[in-house]
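Hi everyone, thanks for coming. I'd like to walk you through a protein model today, one piece at a time. Have a look at it first, and then we'll start.

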Amino acid sequence: MTKPVVLIAEELSPATVEALGPDFEIRYCDGANREELLPAISDADAILIRSATKVDAEAITAASNLKVVARAGVGLDNVDVKAATEAGVMVVNAPTSNILSAAELAVALLLASARNVVPANEALRGGEWKRSKYSGVELADKVVGVVGLGRIGVLVAQRLSAFGTQLIAYDPYVQPARAAQLGVRMVDLDELLATSDFITVHLPKTPETVGLIGDEALHKVKPEVRIINAARGGIVDEAALYDALVDGRVAGAGLDVYASEPCTDSPLFQLDTVVATPHLGASTDEAQEKAGVSVARSVRQALGGELVPDAVNVQGGVLAEQVRPLLPLAEQLGAIACRLSDSAIERVDVAVEGEAAGEDVRILELSALKGVFGQLVDDPVSYVNAPVMAKARGVEVHLSTTAESADHRSVVTVRTTQVDGGQVTIAGTVVGPRAEARLVQIDGFDVEVAITDHMAFLGYLDRPGVVGRLGQILGDAGINIAGMQVGRTDAGGRALTVLTVDSAVPTDTMDTIVAEIGAGFGRAVDLG
């Protein structure tokens, strides 16, 4: 019997090969060399890569037997996930392999900044003994502000607590009770900026977080503050940080990530008060070995016909035919429900009605969570780490099934309950031979709207002229409306408009719409 071919395209640890086991034919190639990669991948069942191998549409097309692309790391910039999904190729990575390494580097940068380790080292190497010039500060009794209390933020907080620090955090999606269990007090961003002696950033990079620590924020901090960013480049405005350091409004900084990488010529690198590293967050032997072993196990599962917990797309796995098309639907519903929620989510309910309810639908609960947390974190969210994220944030998750469905063969409903008591309920189904995803209900409004990459939701009091003004604002912004449905309780009562559009609706355009039509809420949702 011919063994499945696993192609290792970059140097991986011996433990990775050992984790694959004896059931595969292991081959090797230089994945960075296209002339070598394309013929080598042609009959491979799986390919294991790191960051140098580009698995794009051309490579996927050349690989007629390919079932799995396994990235031994977190990022997937070198993998065309869309092309892989369309080809039925599973893409897996190692989303938790580097979190400990990233947390430790953040602590290292903080300590190096506090004690002026880098300039003192350079001075001594240059023959200068400057004890007084490079006097530093202790961490004990200092206030450390953690911006983003996700997995890495929690690890950083746990480690810094051992130094006797006072820990505060800003994260709109973490409940205060959960943070208190970790010894962390939740505050708003302004309080964190004003009271912290150290600020360490651990947020995902999203349109809302880019430039969050910018000029305005840096005018609110204490002059002795030191700012650490080992999360994503661009969250801390580098130009504003430079000005604040030069002006003496910030005492120091530790940076591992930059708005544009590779970065070798930043003016920040000329300042003694800055310690900088070239994106080393995941660069430890242990993180690399964890990543390799993790994806090797995923390859074994995938080629064995199992559902792979760390798959970043929804292809593959053994699922009932009635359940398979509902996987992406549940994820989309979770994402939309999250975007329509106004505050931290404390509970997610997933209900399955109709034909699919007779099957094992636990994966739909995970898929909905994957959609929810995909909107909240920048790291890849998988079927394995989504429930871990929910548990870490104190989010309760419940699944229910009902055999009856009045109007559709199968319906999935996702309800989010927020800490302030607010709820968002959204239901959907799939229709037609292509299993097209449709919204069928939003907070009591019956709708029939296709789920697309770019959508907008508006709630307001019904009155004449709203739809026309809405179309005009979007038209002026160059945004084409693909579909629209308006629902209302009664004439002059509550109204809901759902739009599908051909491109993303920018924040300022949505703000204009909300102001112009007096909307109670307005949300743009991008699922692409």
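How many bridges pair strand S20 with S21, and in which sense do the two strands run? This is a predicted model, by the way, so please keep that in mind throughout. The answer is seven bridges, and the pairing of S20, residues 481–488, with S21 is antiparallel. To find one of these pairs on your screen, go to valine 486, whose bridge partner in S21 is threonine 497.

S21 has another neighbour too. Strand S19, residues 454–461, is joined to S21 by seven bridges, and these strands run antiparallel. Here you can look for alanine 456, which stands opposite leucine 499 in S21.

Let's move to strand S15, residues 410–418. Eight of its nine residues are buried, so S15 is also largely enclosed by the rest of the structure. Strand S13, residues 345–354, is joined to S15 by nine bridges in an antiparallel arrangement, and within that pairing aspartate 349 faces arginine 415 of S15. S15 also runs antiparallel to strand S16, residues 423–431, with six bridges joining them.

Most residues other than glycine have a negative phi, and most peptide bonds are trans. Which residues other than glycine have a positive phi near 50° here? Alanine 435 is one of them, with phi near 50°, in the loop between S16 and strand S17. Aspartate 443 is another, again with phi near 50°, and it is found in the loop between S17 and strand S18. Alanine 435 has 30% relative accessibility, so it counts as partly exposed; aspartate 443, at 34%, counts as partly exposed as well. There is also a cis peptide bond, joining glutamate 261 and proline 262, with omega about 0°. You'll find proline 262 in the loop between strand S11 and strand S12.

Next, a parallel sheet. Five strands form an open sheet in the order S2-S1-S3-S4-S5. Strands S2 and S5 are at the edges, each pairing on one side only, and the twist averages 20° from one strand to the next. Inside this sheet, S3 and S4 pair in the parallel sense over four bridges, with alanine 46 opposite valine 68 in S4. Helix H12, residues 285–303, lies across S1, S3, S4 and S5, running at about 170° to S4.

Last, two helices. The axes of H13, residues 326–340, and H14, residues 362–374, come within 6 Å and cross at roughly 40°. That angle makes H13 oblique to H14, and the crossing is right-handed. Among the residues making the contact are Leu327, Ala330 and Gly334 of H13, and Leu364, Ala368 and Gly371 of H14. Sorted by class, the contact has nine nonpolar, three polar and two charged residues.

Notes. Residues numbered from 1 in each chain as written. Predicted model: local features only at pLDDT ≥ 70, side-chain atom pairs only at ≥ 80, totals over all residues. Heavy atoms only, no water. Pairing = 2+ DSSP bridges. Axes fitted to C-alpha atoms, helices over the stretch in contact; angles between N-to-C directions. Parallel < 35°, antiparallel > 145°, perpendicular 65-115°, else oblique. Left-handed = near helix turned anticlockwise from the far one by under 90°. Contact = heavy atoms within 4.5 Å. Nonpolar A, V, L, I, M, F, W, Y, C, P; charged D, E, K, R; others polar. Buried < 20%, exposed > 50% of the residue type's maximum accessible area, 1.4 Å probe, protein only.
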